[in-house]
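This briefing is meant to be read with the sequence and the 3D view side by side.

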Amino acid sequence: MTTETDRAPDRAGGRRSWLRDHSELGVCALLLALGVLVLTDALTMDVDIAQRGPVGPRTVPVAVGAGLLVIAALLAVDVLRGGRGEAEGGEDVDLSEPADWRTVLLLSGIFLGAAVLIEPAGFPVAGALLFWGAAFALGSRRVDRDPLIAAVLSLITYAVFDKLLGVPLPGGPLMGVL
């Protein structure tokens with residue numbers, strides 16, 4: 001004979017199991033929050049009253065925000081009806097292994113360092129450090145070629161964005177040279 005206290009762990013485990021089986025609802029909540037944020041931002045945007053034409057600066061953000069809300073609702077309905085995302089078949093990732101937090105933290109630090117250095121040192125220097133640091137964090141130990149490849153990649157990226165596309169990037173001390 002089971003008592004109420006014997007069944008309590010089953011109920012708690014049942015709730016936990018239900019949440020685990022419907023974990024995609026977290027993605028729905030994220031899409032819903034993002035859609036509300038985009039719509040709120042778009043609808044409170046200051047728009048010049050003299051603007052003419054049906055397409056203005058609010059059109060695309062409103063469409064994107066509405067799309068996010070529709071996708072969140074459709075996904076929630078699918079998940080609640082029993083739909084489940086399929087596991088990636090082509091990935092050769094062993095999900096039983098723990099996350100490599102050392103690499104994640106190294107990459108985060110390198111990215112933040114590049115973001116801090118981009119204004120005083122310029123994009124070519126900060127970008128080279130970003131490329132070189134990312135290669136190092138991901139396992140490359142070729143100190144004879146990695147800095148050279150990083151510098152070339154950074155200079156090419158700077159030239160493409162600054163010169164060809166017209167997107168101004170900070171040049172830093174190399175501004176006069178480049």
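The model shown here is a predicted one, and the mean pLDDT of its protein chain is 83, with 79% of the residues reaching 70 or more. The secondary structure of the protein chain comes to 6 helices and 0 strands, and of its 178 residues, 18% count as buried.

**Confidence along the chain**

- Over residues 1-10 the pLDDT stays under 50, and for this stretch the model has 3 contacts beyond four places in sequence.
- Where pLDDT is low, the predicted coordinates should not be read in detail.

**The chain as a whole**

- Read from the N terminus on, the elements of the protein chain follow the order α-α-α-α-α-α.
- When contacts between residues at least 6 apart in sequence are considered, 60% of them join residues that are at least 24 apart.
- The protein chain has an accessible surface of about 13200 Å², and carbon and sulfur atoms account for 68% of that surface.

**Helix 4 and what follows it**

- Helix 4 covers residues 101-121, which makes 21 residues, and from its first C-alpha to its last it reaches 29 Å, close to the 30 Å expected at 1.5 Å a residue.
- Which residues of helix 4 are buried? They are Thr 103, Ile 110, Ala 114 and Ala 121, and what covers them includes helix 5, which is made of residues 123-137.
- An α-helix has 3.6 residues a turn, so residues three or four places apart point the same way.
- Ser 108 also has its place in helix 4, but this residue counts as partly exposed because its relative accessible area is 36%, which falls between the limits of 20% and 50%.
- Although Ser 108 and Ala 134 are 26 residues apart in sequence, their C-alpha atoms are 9.4 Å apart in space.
- After helix 4 comes Gly 122, whose phi is positive, near 90°.

**Helix 3 and a pair of residues apart in sequence**

- Gly 67 lies in helix 3, which runs over residues 59-80, and with a relative accessibility of 26% this glycine counts as partly exposed.
- Gly 67 and Leu 31 are separated by 36 residues in sequence, while the distance between them in space is 9.6 Å, taken from C-alpha to C-alpha.

- A nonpolar patch on the surface is formed by Leu 148, Val 152, Ile 156, Val 160, Phe 161, Leu 164, Leu 165 and Val 167, which together have about 740 Å² of accessible area.
- Ile 156, one of the residues of this patch, has its place in helix 6, residues 146-164.
- If residues up to four places away in sequence are not counted, Thr 157 touches Phe 123 and Phe 131.
- Thr 157 and Leu 169 are 12 residues apart in sequence, and from C-alpha to C-alpha they are 10.0 Å apart in space.

**Salt bridges**

- How many salt bridges does the structure hold? There are 3 of them, and each is described in one of the points below.
- The side chains of Arg 142 and Asp 144 meet in a salt bridge with an N to O distance of 3.2 Å; Asp 144 is exposed, with a relative accessible area of 57%, whereas Arg 142 is partly exposed, at 38%.
- Another salt bridge brings together the side chains of Arg 145 and Asp 146, at 3.5 Å from N to O; here Asp 146 is buried, with a relative accessible area of 8%, while Arg 145 is partly exposed, with 38%.
- Lys 163 and Asp 162 also meet through their side chains in a salt bridge, at 3.3 Å from N to O, and Asp 162 counts as buried because its relative accessibility of 18% is under the 20% limit.

Conventions
Residues are numbered from 1 along each chain as its sequence is written. This is a predicted model: local features need pLDDT of at least 70, side-chain atom pairs count only at pLDDT 80 or more; totals for chains, interfaces and linings use all residues. Side-chain values use heavy atoms; hydrogens and water are left out. Helices (H or I, at least four residues) and strands (E, at least two) are DSSP runs, numbered from the N terminus. Buried means under 20% relative accessible area, exposed over 50%, partly exposed in between (1.4 Å probe, protein chains only). Contact means heavy atoms within 4.5 Å. Accessible areas come from the Shrake-Rupley method with a 1.4 Å probe; for residues, only the protein chains shown count as cover. The expected span of a helix is 1.5 Å times one less than its number of residues. pLDDT is the predictor's confidence in each residue, from 0 to 100. Patches are made of residues with over 30% relative accessible area and no salt bridge: like charges are joined within 9 Å, nonpolar side chains (Val, Leu, Ile, Met, Phe, Trp, Tyr) within 5 Å. A salt bridge is a side-chain nitrogen of Lys or Arg within 4 Å of a carboxyl oxygen of Asp or Glu.
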